[in-house]
Amino acid sequence: MNPQRIVVVGAGHVGLYAALRLSRKLSRRRAEVVVVDPQPHMTYQPFLPEAAAGNISPRHSVVPLRRELKKCRIVSGEVTKIEHARKTVTIQPIDGPSTEMTYDHIIVAPGSVSRTLPVPGLRERGIGFKTIGEAIYLRNHILDRLDVAAVTPDPAVRKASLTFVFVGGGFAGIEALAEMEDVVRDALRYYPDLDPSEVKFVLVEATNRILPEVGPKMGAYAARALDARGIDLRLGTRLESCVDGEIVLSDGDRFRAETLVWTAGVKPSPMLDGTDLPRGPRGHVTCLPTLQVVDGDRVLDGVWAAGDCAQVPDLTNPGAYCSPSAQHAVRQAKVLADNIRTVILGGLPKEYRHKYVGSVAGLGLYKGVAHVYGIKVKGLPAWFMHRTYHMSRIPSFNRKVRVVADWTLAFVLRRETIALGQLHTPREEFTHVTPRVELPEERETVGAGAP
């Protein structure tokens, strides 16, 4: 009997957990699990704010695919097309020509990307917060701005360098803002030329509340806590423009800022545009509660989806769909993997059902809010719940130990506030000191064009 090929598109929460469970539940005689992702690791996104703040090492917030998925075949590349009519995927590897691969089952889980808007200047000035690279860049950029402000004789440059704007009041925006405000306050002790009163953090949120996931009362508490730290909350306000660093808000205010972080929501991966799969009004792949992809009333054989890119009915809240959260993604991955195994063995898939138990959010070191099982918690206990929950969720014992070790060292030692900006342009100095050598082909071209 030839093993059935299961192709997993994307190695995020859904892809990693589903592939790991399938490789454990199905022998290689029954199934071959192929994971396709351009990155060699899975990023545990809830730890991005902590990685940006230096509370944990960036390497410890990612899970190496080849170490964790030893029984799977890892393909480092990008899926550019899915033709379910032919049951094939087109893969563009890191280097070389694209190839086609057939499948018996496919898990479509490329995740999401930042949901941006046509704001003038956003493409040129904005910093996203979806990847570990963006988290590291944000940390280095903010610390670099402190160096600029400390030495510049220009008051306007100094003020703009010390103004940090975050757009979006959800989990990513609030946690990133709170952690980076902590970093700046800690770093200022090493900058005697800078006055803490000169630092300005601004949160821009289009709605009239922040952290809707933790409920209105806890969201209001978080807003008061941030306001008490001197953070300027602009609720019910939109970013209109940021051309050349000039921030223009819908409330009429305008000012210069050298840092603009965009965390205003997510949308399904644009990779889905290269598929023939049915999609909902917002671009999500339409699914049944069994996580099978459905086109109207027709279930597509062998196609499964979950996570941020999927429109999965929430059976605990009729008429609604599961939210794009790690809590749903991890649990959907388990049900999805079990359903594929059941179908391969000749059984019927089960429906995904999970009542959202609540949310926890960090507001910087030793500060947080939580609304879990109807219980509202704030301050240090909520921060402890936040860390404990996410430590338990990150895959592999190896990563759990490393994260706890990072937290322990951070507890007894002062935070590191070092900018490693050269990481982003590592060859700049080498190319500057290395003389350019004219190649023979270039000399011939120049000579041929000479009169």
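**Strands, surface patches and salt bridges in a predicted model**

K267 is partly exposed, with a relative accessible area of 38%. Buried here means under 20% relative accessible area, exposed over 50%, and partly exposed in between, with a 1.4 Å probe and protein chains only. The model is predicted: local features need pLDDT of at least 70, side-chain atom pairs count only at pLDDT 80 or more, and totals for chains, interfaces and linings use all residues. Residues are numbered from 1 along each chain as its sequence is written, and side-chain values use heavy atoms, with hydrogens and water left out.

K267 sits in strand β18 (residues 266-268). Helices (H or I, at least four residues) and strands (E, at least two) are DSSP runs, numbered from the N terminus. In sequence, K267 and G111 are 156 residues apart. In space, their C-alpha atoms are 8.6 Å apart.

Strand pairing was examined next. Two strands pair if DSSP finds at least two bridges between them. V167 stands opposite W262 in β17.

Strand β21 (residues 298-305) pairs with β8 (residues 105-108) in the parallel sense, over 3 bridges. I107 has W304 of β21 as its bridge partner. Strand β20 (residues 292-295) pairs with β21 in the antiparallel sense, also over 3 bridges. β20 and β21 form a hairpin with 2 residues between them. G296, in the turn, has a positive phi of about 70°.

A second hairpin is formed by β23 and β24, with 5 residues between them. In its turn, G364 has a positive phi of about 105°. Strand β23 (residues 358-362) and strand β24 (residues 368-372) run antiparallel and are joined by 5 bridges. G358 stands opposite V372. In β23, 5 of the 5 residues are buried, so the strand is largely enclosed by the rest of the structure. In a regular strand the side chains alternate between the two faces of the sheet. G358, V360 and G362 point one way from β23, while S359 and A361 point the other way.

L211 has a phi near 45°. It lies in the loop between β12 (200-205) and α8 (216-228), and L211 is buried at 0% relative accessibility. Y373 has a positive phi of about 50°. Y373 lies in the loop between β24 and β25 (375-378) and is exposed, at 66% relative accessibility.

Two surface patches were found. Patches are made of residues with over 30% relative accessible area and no salt bridge; like charges are joined within 9 Å, and nonpolar side chains (Val, Leu, Ile, Met, Phe, Trp, Tyr) within 5 Å. Accessible areas come from the Shrake-Rupley method with a 1.4 Å probe, and for residues only the protein chains shown count as cover. K25, R29, R30, K334 and R341 gather in a positive patch. Lys and Arg count as positive and Asp and Glu as negative; His and the chain ends are not counted. The place of a charge is taken as NZ of Lys, CZ of Arg, CG of Asp or CD of Glu. R341 lies in helix α9 (residues 326-344) and is partly exposed, at 32%. The nonpolar patch covers about 640 Å² and comprises Y366, L380, L409, F411, V412 and L413. Helix α11 (residues 397-412) gives the largest share, 3 residues. L380 belongs to helix α10 (residues 380-393) and is partly exposed, at 48%.

The count of salt bridges comes to 24. A salt bridge is a side-chain nitrogen of Lys or Arg within 4 Å of a carboxyl oxygen of Asp or Glu. R73 forms one with E32, with the closest N and O atoms 3.7 Å apart. R73 lies in β5 (residues 73-83) and E32 in β2 (residues 31-37), so the pair ties together parts 41 residues apart in sequence. The side chains of D186 and R415 meet at 2.8 Å, N to O. This pair links helix α7 to the loop between α11 and α12 (428-433), 229 residues apart. D186 is partly exposed, at 24%, whereas R415 is buried, at 15%. A network of salt bridges links E181, D182, R185, R229 and K367.
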